[in-house]
Amino acid sequence: MNQPARALSPVPSPANARTAMERIATQLDRAVQGKPSQLQLVVTSLVAGGHVLLEDVPGVGKTTLAEALAKACGLSFARVQFTADLMPADVLGAQVFHAQTATFQFRPGPLFRQLVLADELNRAPPRTQSALLEAMAQGQVSLDGATHALPAPFTVVATQNPVDFSGTYPLPDSQLDRFMVRMSLGHPTPEVEAGLLVTRDGTPPLDAVETVSEPEELASLRSFAAALRLDASVADYVVRLATATRSHGDLERGASTRAVLALGAAARAHALWDARDFATPGDVRAVLLPCWAHRIMLRSAVQGVSARDEAAHLLEEIARKVPAPR
Amino acid sequence: MRKGTRLRLVLRDLGSGSAFASMAVSGQLPLWSLVLYGVALVVALAGRRPFANRVKLTALLLLAVALTLGTNVLAGSLNLVVAACAFAGLISAQRLLSTPDAATDGQVHLSGLLMVAGGAALSGELVYGLFLIVFGVLASIALALGVVESAVPEGEPVPVRAVMGPLAMGVGFAVVGAVAFFILFPRLNWNMIGPGASPGLGVATAGFSNTVRLGGAGTIKDNPRIVLRATLTPDPEKETLDAYWVGRTYDVFDGMEWSNARATSNGSEFMTTLRPGQENLVHQHVELMPAYGARTLVALETPSRLGNAVANTQVGSRRTQIHELGGGEVRFRDSGISYSYEAYSLPPGASGDDVQDLPPEEQDSLLSLPEGLDVRVGQTAARVLNGERDPLAAARKLSAWLQREYSYTLELSGDVPDPVADFLFQRKQGHCEHFATALTLMLRTQGMRARLATGFFGGERVTGGYVVRAGDAHAWTHVLVPGRGFITVDATPPAHRASQSPRLLEQLINFYEVVESQWRDVVLDYNFRDQLTVVRSLTRSHEVPKKDAPPSRAPPPRAFGAALLAAAAAYTAWRLLTQFLSRERPLEATRFADAVEAQLASARITRVDGETLEALDARLARERHPLSPALTPVTRRYLEARFGGRPLQQGEATRLLTDLRRAVLTESQRVASEGTRPPQARAS
């Protein structure tokens with residue numbers, strides 16, 4: 001942390017929260033250009049306290065985005081490249097024998113960071129995947145009878161390649177449910193790409209990112225977002241959407257209760273972009289697709305990206321049919 | 001005049017009209033009061049108030065009418081209750097035509113209350129009940145609209161549409177509550193002070209007088225009202241009974257009318273208790289309906305014993321005495337709304353009486369002829385009989401001749417000096433009394449004893465019993481056959497003996513009778529004793545306990561059934577109530593959003609398939625629509641009010657809408673000055 005963080009005012013307000021979030025998004029934009037809505041979504045998820053799943057082809061800036069996020073927010077960062085021979089201990093840490101004291105001591109693994117990039121998560125065997133995902137859900141690691149708390153705020157940004165499935169262990173749906181949002185960056189627009197060619201003169205893009213926040217500010221943003229007002233009618237709207245997915249003919253399985261809670265949290269965080277201290281049906285609609293498209297299970301046998309597209313399409317249809325509260 | 005005011009006045013006037021109608025259905029108000037009130041109501045409904053400038057003059061007129069009515073009442077030519085009701089109607093009419101201010105409204109409603117009270121005193125019938133409800137509903141709504149109207153500042157429109165829903169709901173609840181109150185609370189009987197109208201559809205016509213007079217002008221109206229219901233044992237099980245129900249007989253004819261030689265035969269009063277057991281007789285349980293309008297008992301020919309007489313009066317049913325009058329007529333001692341009794345009749349064939357049983361003067365009267373009877377009557381009879389001396393054969397021959405040669409008509413003959421000669425030799429058409437009289441007299445001219453009988457002919461099957469209608473009233477002939485007694489011979493053509501009403505009308509009347517008897521049982525005569533009976537019938541078992549079984553203390557199954565029903569009803573009511581309370585009400589913020597969208601629609605910005613205002617605002621912002629800067633704060637305020645828990649302040653919605661309207665106007669002017677169409681909002 002080279003620069004002193006611009007501290008939030010002691011009493012956080014929606015306007016202050018928006019300023020902080022825009023600050024972070026501005027820094028991210030320096031690293032990943034031309035993707036304002038995706039960046040906004042990443043920050044929304046971060047403020048809502050959720051984990052992010054980036055699904056995209058290699059080379060569009062997934063890793064850069066995660067690293068930029070860590071740097072902009074002043075979070076401790078670790079990157080774990082998941083491979084087929086990665087063991088849970090490689091991620092979580094292990095008890096190591098200490099010769100002088102003749103005792104076992106816990107040596108924390110790379111997971112004990114505030115922001116962990118789990119690169120190509122689907123390449124690791126299910127055992128390792130589930131070790132990570134359990135840690136994500138619990139916020140702590142249990143090893144040999146001892147519980148080790150993970151640092152707060154703890155966020156995982158996982159990536160996976162949706163196209164190349166050979167030698168992978170696709171994440172089971174139950175695990176997917178633990179990511180608050182799933183998103184893909186996609187290729188930048190031609191103008192942005194051309195601009196990259198012209199301006200990037202060998203310096204890594206992360207150098208341009210400044211640290212504009214700190215873990216304490218993020219924690220206060222999270223608690224502020226979690227306390228935003230969600231009107232009963234809006235909560236009812238979320239539940240009606242979930243009910244509609246559960247009874248939809250083309251869906252094998254609808255939104256879970258965890259999905260309902262995640263949508264509520266994401267909608268609250270999204271409300272801060274408008275400097276509001278309450279969430280609206282519009283907030284719900286804005287985060288509905290990234291929040292739920294990876295959680296609902298289709299009856300048809302399509303897999304991967306096309307399944308996500310299909311699910312997003314169905315969700316759009318459901319959202320059109322379920323009337324929003326007026 | 002404001003729109004709401006007009007509606008309120010129309011409702012007020014109609015309410016007053018139905019209050020008046022609730023009195024008018026009794027049929028006792030004088031015709032002039034009906035006409036005056038009707039004219040006043042029509043004028044008032046047309047929106048004209050001609051008395052507005054002549055209050056004092058019309059009040060004086062009213063005073064004069066009051067004086068006239070009072071004099072009439074004192075003179076005894078007008079019933080006090082009727083006079084009071086007519087006057088209440090006139091007051092109401094005068095108020096209807098005066099300036100419609102708050103005081104007048106109150107007086108109109110007050111006079112309406114007076115009129116329904118008068119209606120209760122005059123009739124209290126089913127139709128009255130309907131008009132009472134109509135008055136209650138209309139007057140309540142008019143009153144409530146008046147309250148709303150006074151709360152709205154001058155110059156602003158009355159929100160009639162908005163208040164109508166809750167108002168109707170409230171009135172509905174009030175009506176339901178009134179019905180519940182009616183059922184649950186003991187009450188006094190109605191209709192105790194009025195002059196005792198004959199209830200139902202107009203005046204009853206089946207009266208039995210001491211005489212039967214031929215002649216008169218006009219047409220006999222065929223009345224399909226049901227006057228009598230009877231259950232017969234043994235049950236003949238025929239669709240139409242076609243039997244003679246005799247009420248009384250007449251033996252002396254003076255050329256114009258029939259009467260009896262002795263006014264009363266023995267005049268004794270008796271209260272007979274009939275017991276079952278006379279198997280060879282036809283047993284009848286007869287109910288005389290309110291439309292009957294008389295106190296004479298009728299029974300199938302030939303009545304043998306009458307008894308078990310019960311009169312149903314305003315204050316309940318009770319055993320009553322019957323007494324015999326001249327002509328074998330048996331009457332109830334006490335008057336009631338309806339009656340029931342039992343009768344035994346000899347099976348068709350013969351009466352037990354014989355010539356010897358009759359007192360001599362009565363035997364003589366059966367042969368008496370009016371003075372100055374046209375000689376042609378006797379000549380014609382002799383010619384037709386052609387030497388036939390057996391009374392029964394002669395009577396049948398004569399009646400067959402009458403049926404063949406004369407036609408039936410309901411037109412009365414008018415007052416002629418000799419109705420019999422007129423019927424036989426001039427008009428050659430008449431109704432049953434003409435036929436019966438002619439036959440009786442022709443028999444007497446030939447020395448055969450005969451008398452006139454009146455009553456009913458008919459009986460159609462309805463649910464296990466038989467009903468007789470007022471239009472079934474009939475007259476026929478009894479011919480005395482030595483050794484067999486009086487035998488019935490009917491000279492009227494068979495097709496015209498019973499009621500001639502159209503089938504559909506009879507069915508409608510049947511339906512009305514059923515509804516009316518329900519109204520009578522359930523509403524008018526529903527009293528404290530009935531309430532107790534309902535409760536008792538629910539808790540007491542009707543089964544005879546077995547001698548051997550120990551007496552059970554457990555309540556009978558029907559008590560459990562009733563409890564279950566009550567619980568189900570309570571549960572349903574609770575469910576409906578909670579549903580009603582938890583139903584979605586349009587919020588103020590939502591109405592505000594509707595208003596905003598209406599303004600946007602006027603600027604040709606429409607929502608695309610179910611878009612919310614929030615989404616619409618976001619879309620306009622994306623499209624950089626010129627109205628977006630004006631709309632965004634409005635949308636923001638709506639969202640805060642709707643979802644953020646910060647309701648709109650007093651007048652804030654109006655202010656925001658005014659600002660938005662200004663922006664819309666500015667924008668449309670700008671577009672007009674540029675001469676281009678405004679950018680149509682489209683789905684992005």
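## Chain B overall

In chain B, 77% of the contacts between residues at least 6 apart in sequence join residues at least 24 apart. Two residues are in contact if their C-beta atoms, placed from the backbone, lie within 7 Å. This is a predicted model: local features need pLDDT of at least 70, side-chain atom pairs count only at pLDDT 80 or more, and totals for chains, interfaces and linings use all residues. Residues are numbered from 1 along each chain as its sequence is written, while chains are lettered from A and ligands numbered from 1 in the order in which they are written.

Chain B holds 19 helices and 19 strands. These are DSSP runs, numbered from the N terminus: H or I of at least four residues for helices, E of at least two for strands. Of its 684 residues, 36% are buried. Buried takes 20 or more other C-beta atoms within 10 Å of a residue's own C-beta, again placed from the backbone.

## Helices of chain B

H12(B) covers residues 432-445. Its 14 residues reach 20 Å from first C-alpha to last, close to the 20 Å expected at 1.5 Å a residue. That expected span is 1.5 Å times one less than the number of residues. Of the 14 residues, 13 are buried. Gly447(B) follows H12(B), with a positive phi near 80°.

H16(B) (588-602) packs against H19(B) (652-674) at about 10°, with axes 10 Å apart. Axes are lines fitted to C-alpha atoms, for helices over the stretch in contact; angles run from 0 to 180 degrees between N-to-C directions. The two helices are therefore roughly parallel, a label for angles under 35 degrees. Phe592(B), Ala595(B), Val596(B), Gln599(B) and Ser602(B) of H16(B) meet Ala653(B), Leu657(B), Leu660(B), Arg661(B) and Val664(B) of H19(B). By class, this contact has seven nonpolar, two polar and one charged residues. Ala, Val, Leu, Ile, Met, Phe, Trp, Tyr, Cys and Pro count as nonpolar, Asp, Glu, Lys and Arg as charged, and the others, Gly among them, as polar.

## The sheet of chain A

Five parallel strands of chain A form an open sheet, ordered E2-E5-E8-E1-E9. E2 (77-81) and E9 (179-183) are the edges, each pairing on one side only. Pairing needs at least two DSSP bridges. The twist averages 15° from one strand to the next.

E1(A) (51-55) and E9(A) share four bridges. Val52(A) stands opposite Val181(A) in E9(A). H3(A) (62-73) lies across E1, E2, E5 and E8 of chain A, at about 170° to E5(A).

## Where the chains meet

Chain A brings 13 residues into contact with 12 of chain B. The chain A side divides into five nonpolar, two polar and six charged.

How values were computed: A residue is buried if 20 or more other C-beta atoms lie within 10 Å of its own, exposed if 12 or fewer, and partly exposed in between; C-beta atoms are placed from the backbone. Angles under 35 degrees count as roughly parallel, over 145 as roughly antiparallel, 65 to 115 as roughly perpendicular and the rest as oblique.
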